[in-house]
Structures are given as C-alpha cells and as structure tokens.
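Here is a short briefing on one protein model and its ligands.

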Amino acid sequence: MSLLDLVKDAGIIGAGGAGFPTHAKLASKAEYILMNGAECEPLLRVDQQLMILFPDEIIKGFAEAGRLVEAKKAIIGIKGKHKEVVSTLRERISALQLGDYVEVKELADMYPAGDEQVLVYELTGRVVPEAGIPIQVGCVVVNSETALNIYNASLGKAVTEKYITVAGDIPNRLTIKVPVGTPVIDVLKLSGIENFDDYTVIDGGPMMGPVMSSLDGYVTKKNKGFVILKKQHYLIRKKSMKMDQTKRINRASCEQCRMCTDLCPRYLLGHNMQPHKMMRTLNYTLADTEEQKISYLCCQCNLCELFSCPAGLYPKAANQYIKQKLMEQNLRYQPVQKEYSPRKSREHRLLPSKRLVARLGLRDFDKPAPMTEIGLNSEQVSIATSQHVGAPAVPVVSVGDHVQAGQLIGKIPENSLGAAIHASIAGTVVECGNGFVTIRRD
Ligand code: SF4
Ligand code: SF4
C-alpha cells in the first residue's frame, strides 16, 4: 500500500490545531516540505518534548512525507531557544544519513512564529499570497506531531492517541498522551484541581484558544493543550467578552493610532490586513464593502487584542464581525496582487514571546510541563465523527459491537474530504449517533 493510502487509512489530520486531513495535503506536489515545530503559543509544551522523545520517528516520517510530495528540500523550523531539541535533531538527521535532504532552521522566539504563513516566510523567504495557502508558493507544512503520526502510519498504526499539555494556574503542570475520546474533565483533573467552579479553561493556547463554555467535551485529534486559569484572570475576562460588548467598547475608545495594524503579522508580511480600518468602519458605520473585504485576511492570532492595542480594545472582534456580515451577503475578498514582499519595518516589529507572556499575566505559569507516563484509563471514550475539516466520518460499527484499539469505526464518506476514525480503546460500542461513537472499556 502507498504511504498516501496508509496516511489516509490512519485517519491523520493536522495535529497543530487546524485539523486538515493530512492525506489531502500530501496529495500535492511541492518544492519544499516544512515542519512546524515552532509551538509559539505560550505555555504549551507538546512539540518540543516529542522532538526530544521521538527524534528518529519524527525525522523519518517527515522525510517520507517530503519524498511523497516530491519536495527537493525538507526544512524543520524550531525556535533557537530550544537548544537541546535543535542539537538532538541535527545529530539524528546526520546519524540517519538524511543530512543532504533534511535541514533544521532556527526561528526567533517571537509570536506568532508558528503561524503557517509566517513559518513559510521564515524558512523559505517566500510570502504566501493574501487569502492563499502554502502550496501556492511551492510549500507543504506539517506539524511535528503529524510527522510522528505519518511515521506510525507507515507501520500501519492509526491515530488513536493525542498528546496534550495541561498548564496554567495549577499545582501540576504536565504533558500526557491520552486516548482520543477521553472525557476532557478527566484530563483536567490531572492538574491537581478537583473543583473547577473558580476556574475557566482555555481550549488550546492562551492566544488563539477559545474559552470553554462547558467541560463536558471529549479529547479530539486536534487538541493540543488546556490552559486553566482563575475566572478573574485578565486573559479570561478579556476572552470572555461577548461580541455586543466588544462593539460598545470599541466604539467608545478607538483613537485610530494604528498600532493594531503596525504589529499585525499578516500586514507585516505585505498583506493588506489593516484592523484599524475595520475599527473605523464599525465606529463610523461606513458602508464601503470593498474596503471591508480585507477582514478576510485575518488569521485570528489575537495579537492586536491581547498585545498591540494600547487602549485594550477588540480589533480582531471588529474584523470577525465585519467578515461575518460580508459572508452573509456572499461578498468575498479577491487578492489584487500576485506577489508580495514583507514590509521594510517587519524585522523591527516582531513581538518577543517573553514580552507577550508578561503582558498576558502568565509569567508565573510559564514553567515546564513535563511529559508523564500516567495512564489515563477512563471508563468510556466518546470519539467524535467530526474532528477535522470536511465531512463527518460515517460509523461502520453498531451498538453492541466489540472493538479492538486501532480498529476502524468510522470511514470517510464517498467522494468527500474527511478523515477516518478508529477505536482508541478495546471495548464495547454502547452508543453510536449524534456525532459520536462511545466505547465502554473492557
Ligand atoms: S484598535 Fe487600538 S490599536 Fe487599533 S487603532 Fe484603535 S486604539 Fe489604536
Ligand atoms: S488577529 Fe489581529 S493581529 Fe492577528 S491577523 Fe488578525 S488583525 Fe492581524
């Protein structure tokens, strides 16, 4: 069986959070394959530890994916501050005799180094066009955990587990491998907190992760971490603001200083994203929909809201609101240029991660979250049929069936983009429907 088919059968999706089915990405032909090991979200510690624990597997999976897309070069991007990771990978690349193909490039410790388009520029000097994707400049990007999953797929192993960091204002910070479908609350309790009444949880990193409205969910292949903070923490108050409230606050105070634009990573790459104009549009109820279409260029990195704006306003929310209105009218952005180059000021406007962590009020929690071997054996797992971009998986099991760990339980619908799902534990299917397959452990 070809590697592409193995990747498809293994149900691999982008482990960095976007959830795009990997087999669809690897069906392209590219000049470069890039590995995103930047892990630029503060407090998350998955990728940097996986690259130390499984360097050979990750390098081999990455190189195999590179050969599959016929890339002439495979480049791994890691922050230079992770010295041990950089030296381990360089040593193993050489030991595996892949030095003429795979290269490690060190990234600056800035946010958002892991934004796909920022990464492409930092590693190749190419700028992905506005509203575009890396393949338009000859690049395919995979996350380091995805590379590990590709290696496992080459051995016939499906994705049934996920690595997750539990971080924040908690007694036990840790990173752990858990079966897909594990109740989120079981993972959160590993933090040493039993009662979450005074806490709020961010699903993902503190910058881009949303606040969880309920802790009743289940781990998916997309989860990367949970950040637990006290309800009154600055970040939680800021992230919990409703759209209506942000509109009122924005209207009252925007001074049009354009700091949100001047530090916007997409603007700095040469794109036309200018959040201060979206603020102006909202505040003065301007009707020029042509200008508003630039709201499509936002990558939702949250830098403008959580760092740049001196008045503590919500320019990203303004973008989102306007984009939503345009989508309702079916008005899309059409790029005007074919080629882009970064703004001359870019190198002076990159945001050091340390400053960001301090601004977010996370300095006290910016500590190691070591990988732990604790086995989390929840009684049941509920595996979502839709954890990815594309159509939900179609269950191929029924209530009462006995399944083995790794067994296919949901397939990609005919002629659709999607990803297969597999049993993450051995047991009996006790529910199948409403978007989940639930398995009770043997
Ligand atoms: S939103 Fe904030 S940073 Fe942007 S122009 Fe208004 S005051 Fe300045
Ligand atoms: S969230 Fe703000 S800083 Fe980030 S891309 Fe969007 S407009 Fe730019």
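**Sheet and ligand shells**

Strands S7 and S11 run parallel and are joined by two bridges. The model is predicted. Both strands belong to an open sheet of five strands with mixed pairing. The briefing starts with that sheet and then turns to the ligands.

**Sheet layout**

- The strand order is S8-S9-S6-S7-S11.
- Strand S8 (199-203) and strand S11 (371-372) are the edge strands, and each pairs on one side only.
- Helix H3 (residues 46-53) packs on the sheet and touches S6, S7 and S11. The direction of H3 makes about 130° with that of S6.

**Pairing around S7**

- Strand S6 (residues 161-168) and strand S7 (residues 174-179) run antiparallel, with six bridges between them.
- A hairpin of five residues connects S6 to S7.
- Lysine 162 is placed opposite valine 178 of S7.
- Threonine 165 has threonine 175 in S7 as its bridge partner.
- Threonine 175 also has a bridge partner in S11, namely methionine 371.
- Is S7 mostly covered or mostly open? S7 is mostly covered, with five of its six residues buried.
- In a regular strand, side chains alternate between the two faces of the sheet.

**Ligand 2**

- The shell around ligand 2 has 13 residues. Cys264, Cys298, Cys301, Cys304 and Asn319 come nearest.
- Two or more residues of this shell come from each of helix H15 (303-308) and helix H16 (315-328).
- By class, the shell around ligand 2 has nine nonpolar, three polar and one charged residues.

Methods: Residues are numbered from 1 along each chain as its sequence is written. Chains are lettered from A and ligands numbered from 1 in the order in which they are written. This is a predicted model: local features need pLDDT of at least 70, side-chain atom pairs count only at pLDDT 80 or more; totals for chains, interfaces and linings use all residues. Side-chain values use heavy atoms; hydrogens and water are left out. Two strands pair if DSSP finds at least two bridges between them. Helices (H or I, at least four residues) and strands (E, at least two) are DSSP runs, numbered from the N terminus. Contact means heavy atoms within 4.5 Å. Axes are lines fitted to C-alpha atoms, for helices over the stretch in contact, and angles run from 0 to 180 degrees between N-to-C directions. A residue is near a molecule or strand if one of its heavy atoms lies within 4 Å of it. Ala, Val, Leu, Ile, Met, Phe, Trp, Tyr, Cys and Pro count as nonpolar, Asp, Glu, Lys and Arg as charged, and the others, Gly among them, as polar. Buried means under 20% relative accessible area, exposed over 50%, partly exposed in between (1.4 Å probe, protein chains only).
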